[in-house]
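Here is a short note for a colleague who is new to this entry. Please read the points below beside the model.

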Amino acid sequence: MRKYLFFCITVCFILFILLDFNIIHGISSSYLKFLSILLLFFTSNRFKKTILCYTIFCDFLLLFTSFYSMGVAFFTIVHLLYLCQMFPFLEYEKRQQTYMFLLLPFGILLSFLPLYWIAACYSILFLLHILIVFTQKYSKIYEIGLLLFALCDCCTAISFLTGNTLVAKCIWILYLPSQ
């Protein structure tokens, strides 16, 4: 079952790249991008699924709505959840549902700030996440995923600040494999 899901994710990945670069036409690539994340949810372990719930919500907001501030605010929560996993004294495995619900109001309140403040909070937490991963003993695959995610965020910032559409097309090419 898992191999089949990864095959479907790969097909979605190839198709949305072809759509984004206008090699094929038809539907919006956003549907395939979102489908990829939904399929990824079913391949994940229970701890990753908790975080992917927030990720799915963020991706929906960023792909299909204009609630960008809320999408970035909730991606900040995603990094907080990853950070909670990294500190044993927080007992994330026992309390993941509690953390998920406790952080929900924080995400909602954060989303009312101007986007640049939300992006600053997000960036600080993401940098902390990166520092912890690269100074501790984490798997190479996790480090590579985090590096791809950082490159995705760089593309997002460049695209947002400059309007560069070629860079914007690279966002999901980096983002999906980072997951």
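1. Phe41 counts as buried, at 18% relative accessibility; buried means under 20% relative accessible area, exposed over 50%, and partly exposed in between, with a 1.4 Å probe and protein chains only. Phe42 counts as exposed, at 54%. This is a predicted model, where local features need pLDDT of at least 70, side-chain atom pairs count only at pLDDT 80 or more, and totals for chains, interfaces and linings use all residues. Residues are numbered from 1 along each chain as its sequence is written, and side-chain values use heavy atoms, with hydrogens and water left out.

2. Phe41 and Phe42 form an edge-to-face aromatic pair, 5.4 Å centre to centre with 85° between the planes. Rings of Phe, Tyr and Trp (its six-membered ring) pair if their centres lie within 6.5 Å; planes under 30 degrees apart are stacked, over 60 edge-to-face, the rest tilted. Tyr54 and Phe74 are stacked, because their ring centres are 5.7 Å apart and their planes are at 20°. Both Tyr54 and Phe74 are buried. The whole structure has 18 aromatic pairs.

3. Lys49 lies over the face of Phe41, 5.5 Å from the ring centre. The rule asks for NZ of Lys or CZ of Arg within 6 Å of the ring centre and within 35 degrees of the ring normal.

4. How many disulfides are there? The count is zero, taking a disulfide as a pair of cysteine sulfur atoms within 2.5 Å. For Cys58, the nearest cysteine sulfur is that of Cys53, 11 Å away. Cys58 is buried, with a relative accessible area of 0%. The sulfur of Cys152 is 6.9 Å from the closest one, in Cys155, too far for a bond.
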